[in-house]
Amino acid sequence: MPTTMKDIANVLNVSVVTVSKALNNKPDISEKTKKLVLKTANELNYTPDGVARSLVEKKTNTLGVLVSDIK
C-alpha cells in the first residue's frame, strides 16, 4: 500500500494540511518543518497520487488519439 500524506502526518504528529503545505512549498510554514516533512516523505517513499493531483489541478496531461480506420 502506497504511503499517503496522512501516513506522514501520523508519523510526525502534525496535520495533513501541514504536510500538504510542506510538500507544495507554501511560504506560511517554517523551513524546519518543511525539511522534516520532506525527509520523512523521502524515508517513507512517498510519491504523489497522479489521479488525486489531476483532480486538484483540473488537468490530466493525457493525450487522446482518434483513429478512423484500423485494419
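**Helix packing and selected residues**

Reply: In this predicted model, the crossing that α1 makes as it passes α3 is right-handed.

Me: At roughly what angle do the axes of α1 and α3 cross?

Reply: Two packed helices are described by the distance between their axes and by the angle between them. For α1 and α3, the axes come within 10 Å. Their crossing angle is roughly 120°.

Me: Which residues of α3 do Ile-8, Val-11 and Leu-12 in α1 meet?

Reply: The contact of α1 with α3 has 6 nonpolar residues, 1 polar residue and no charged residues. On the α1 side it is formed by Ile-8, Val-11 and Leu-12, and their partners in α3 are Leu-36, Val-37, Thr-40 and Ala-41.

Me: How far apart are the end C-alpha atoms of α3, and what span should its 13 residues have?

Reply: At 1.5 Å a residue, the 13 residues of α3 should span 18 Å. The distance between the end C-alpha atoms agrees with this, at 18 Å.

Me: Which residues of α3 are buried, and what arc do they cover around the axis?

Reply: The buried residues of α3 are Lys-34, Val-37, Thr-40 and Ala-41. They lie on the same side of α3, because the arc they cover around the axis is only 140°.

Me: What covers the buried residues of α3, and which exposed residues does the face turned away from them carry?

Reply: The cover over the buried residues of α3 includes α1 (5-12) and α2 (16-23). The face turned away from the buried side carries the exposed residues Lys-32, Lys-35, Lys-39, Asn-42 and Glu-43.

Me: Is Asn-45 buried or exposed?

Reply: Asn-45 lies in the loop between α3 (31-43) and α4 (50-57), and just after α3 it takes a positive phi of about 60°. Its relative accessible area is 61%. Since exposed means over 50%, Asn-45 is exposed.

Me: How far apart in space are Asn-45 and Pro-2?

Reply: In sequence, Asn-45 and Pro-2 are 43 residues apart. From C-alpha to C-alpha, their separation in space is 8.2 Å.

Me: Is Ser-54 buried or exposed, and with which residues is it in contact beyond its neighbours within four places in sequence?

Reply: Ser-54 is found in helix α4. Its relative accessible area is 16%, and the cut-off for buried is under 20%, so Ser-54 is buried. Leaving aside neighbours within four places in sequence, the residues in contact with Ser-54 are Lys-59 and Thr-60.

Methods. Residues numbered from 1 in each chain as written. Predicted model: local features only at pLDDT ≥ 70, side-chain atom pairs only at ≥ 80, totals over all residues. Heavy atoms only, no water. Helix = DSSP H or I, 4+ residues; strand = E, 2+ residues; numbered from the N terminus. Buried < 20%, exposed > 50% of the residue type's maximum accessible area, 1.4 Å probe, protein only. Expected span 1.5 Å × (residues − 1). Arc of directions from axis to C-beta. Contact = heavy atoms within 4.5 Å. Axes fitted to C-alpha atoms, helices over the stretch in contact; angles between N-to-C directions. Left-handed = near helix turned anticlockwise from the far one by under 90°. Nonpolar A, V, L, I, M, F, W, Y, C, P; charged D, E, K, R; others polar.
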